[in-house]
Amino acid sequence: MSTSAVHSLWTTAAEPISKIDTPKIEYGQLSPVLIIVGAAVVGVLIEAAVPRKTRYYAQVFVAVVALVAAFAAVVALAAGGYATTKSGIAAMGAIAVDGPALFLQGTILLAGLVGLFTFAEGRLDPEAHGNRVDSFAAQAASVPGSDSEKAAVKAGFTTTEVFPLLMFAVAGMLVFPAANDLLTLFIALEVLSLPLYLMCALARRKRLMSQEAAVKYFLLGAFASAFTLFGIAMLYGYAGSVSYATIAQVVDGTVPDVNPALADTMGNDALLLIGSAMIVMGLLFKVGAVPFHMWTPDVYQGAPTPVTGFMAAATKVAAFGALLRLLYVVLPGLRWDWRPVMWGVAIVTMLGGAIIAITQTDIKRLLAYSSIAHAGFILAGVIATTPDGVSSVLFYLAAYSFVTIGAFAVVTLVRDAGGEATHLSNWAGLGRRSPLVAAVFAVFLLAFAGIPLTSGFAGKFAVFKAAAEGGAAPLVVVGVISSAIAAFFYIRVIVLMFFSEPRPEGPTVAVPSPLTMTAIGVGVAVTLVLGVAPQYFLDLANQASVFVR
């Protein structure tokens, strides 16, 4: 073939390139995310430009203002009808602005704000060298026990980088449940995970344990992210698109114009099943469901307690939001395939979390296994596949997140010479030594156990009712049995606090600043209000339970 013929092949076969359309970005509808990302960037600049003495105050101020402003933006969008009649897809199909997204974003922002108060607490330990002491390492880069670390402590350094890291994590969490294509989902997953891996390594006390927790979390999280990415590649190969709506149409067989090049792979159900399973696996890892729960107890125990509280609450909200959207928007056509699997996961998660928690002797590990059991209860609502299932999960997540942050905030108060006293034996007789702290912790434990007149009961009742109506009655029976098992170890801690003799050399209860008091107060208030009068919030969750397609 002559060169001119080849040349004419190249020149005639190429289509004329059409104009690249300018992206249309709906800044108003994306304002909650943009405010938080902006604050995170400002936080990085503060670290670079502001003198060390004033950094802490500048960071806390910027973070609080941003979280409040972003929450106001979410409320304004919901009031403007974006949760119901005006809900749609923004940012060229990347982000959904609908009821579930706005409800979960509001919950994450409030949990982030309450979590921020525990991050900013600096009065729990006696002052070192005349400087306030917070929960984070004086200088994260210095080797534990080295001279540089001692010098940093003596100079009164504090790791104020945690505030921009917190904001980046919140930004990722806001996008995660609202993502409307698989690529956005993956980017949001990484943006929320990487700051958490870092923050887990920053504990001031027990630094080696904290760094070990961070490495475990990072390695297992990297595996989970890899599975998710493999799954995304397979679903893309199956449907020829990463958009949720297109994949759902291909699954249902209602795609309008089939590309001949894709016709073969669209019939390949192996790609679809393996791809969906891998993505769901990545999300179940984030949720902490059995058998992907291995990281939870170690990371919860090793991470600084404020980080544990924030992570336990906000990550669950974001991950369950993403899981709901994936199963209800992308894979409703696969319901007969994924429901039996989710049944199995929910049952082993509920029973596994509750049974292993009985053997725990560390309060943070106990709360970790309790969070695994709660993931199982929430999965029961996910399995319902009804609008009531969605609204019950939304309500449960909102109720659970405040109880969790409150409970971990209380854990930070019980201290001995080595920092937090998390071994259960140290909590014996706490009710006699400081009745108020013990009573508050008892309220949180009763809420976890699902005792009536607490938010935990209202949440569990809503989830189990939705599951029973959705045809998953046996699951509800398992749920009630695991709740009974779980109630045993919650009540055991309450008995230990109020009916045991305090040890003479036992720990003291620190007097916190108004920041931690606010976090705990909000937790108690939400727990009681959602328990005594849940109807308004259930209705709110009900109105916000319709996904946009």
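**Exercise 1. Classify Lys 216 by its relative accessibility, and then follow its salt bridge into the network to which it belongs.**

Solution. Lys 216 has a relative accessibility of 29%, and it therefore counts as partly exposed, where buried means under 20% relative accessible area, exposed means over 50%, and partly exposed lies in between (1.4 Å probe, protein chains only). This is a predicted model, in which local features need pLDDT of at least 70 and side-chain atom pairs count only at pLDDT 80 or more, while totals for chains, interfaces and linings use all residues. Residues are numbered from 1 along each chain as its sequence is written, and side-chain values use heavy atoms, with hydrogens and water left out.

The next step is the partner. Lys 216 forms a salt bridge with Glu 212, and the closest N and O atoms are 2.9 Å apart; a salt bridge is a side-chain nitrogen of Lys or Arg within 4 Å of a carboxyl oxygen of Asp or Glu. Both residues lie in helix H8, four residues apart, which is about one turn of the helix; helices (H or I, at least four residues) and strands (E, at least two) are DSSP runs, numbered from the N terminus. Glu 212, at 43% relative accessibility, is likewise classed as partly exposed.

Arg 365 forms a salt bridge with Asp 298, with the closest N and O atoms 3.0 Å apart. Arg 365 lies in helix H15 (residues 363-383) and Asp 298 in helix H12 (residues 295-302), so this pair ties together parts that are 67 residues apart in sequence. Arg 365 counts as buried at 19%, whereas Asp 298 is partly exposed at 23%.

**Exercise 2. Describe the salt bridge between Glu 149 and Arg 207, and state whether the two residues are buried or exposed.**

Solution. The salt bridges in the model come to ten by the rule given above. In one of them the side chains of Glu 149 and Arg 207 meet, at 2.6 Å from N to O. This pair links distant parts of the chain, with Glu 149 in helix H5 (residues 147-155) and Arg 207 in helix H8, 58 residues apart. As for accessibility, both Glu 149 and Arg 207 are buried.

**Exercise 3. Which strands stand at the edges of the open sheet?**

Solution. Begin with the order of the three strands, which is E4-E3-E5, with antiparallel pairing; two strands pair if DSSP finds at least two bridges between them. Strand E4 (419-420) and strand E5 (508-509) stand at the edges, each with a single partner strand, so one side of each is left without a neighbour in the sheet. Then look at one pairing in detail: strand E3 (residues 414-416) is joined to E4 by two bridges, and Arg 415 stands opposite Glu 420 in E4.

**Exercise 4. Which residues line the largest cavity, and which helix gives the largest share of that lining?**

Solution. A cavity is found on a 1 Å grid over the protein atoms alone, as a set of points where a 1.4 Å probe fits but cannot get out, and its lining residues have an atom within 4 Å of a point. Grid points are joined across faces, edges and corners, and a volume is the space filled by probe spheres set on the points. The structure holds eight cavities of 30 Å³ or more, and the largest has a volume of about 80 Å³. Its lining consists of His 374, Tyr 396, Ala 399, Tyr 400, Val 403, Ala 447, Phe 448, Ser 455, Gly 456 and Gly 459. At least two lining residues come from each of H16, helix H18 (435-449) and helix H19 (455-469), and H16 gives the largest share, with four residues.

**Exercise 5. Where do Ala 91 and Leu 453 lie, and what is the phi of each?**

Solution. As a background, most residues other than glycine have a negative phi, and most peptide bonds are trans. Ala 91, which is not a glycine, has a positive phi of about 55°; it sits in the loop between strand E1 (88-90) and strand E2 (95-97), and it is buried, with a relative accessible area of 15%. Leu 453 has a positive phi near 75° and is found in the loop between H18 and H19, where it counts as exposed at 56% relative accessibility.

Notes:
On a 1 Å grid over the protein atoms alone, a cavity is a set of points where a 1.4 Å probe fits but cannot get out, and a pocket is an open set with protein on both sides within 12 Å along at least five of seven lines; lining residues have an atom within 4 Å of a point.
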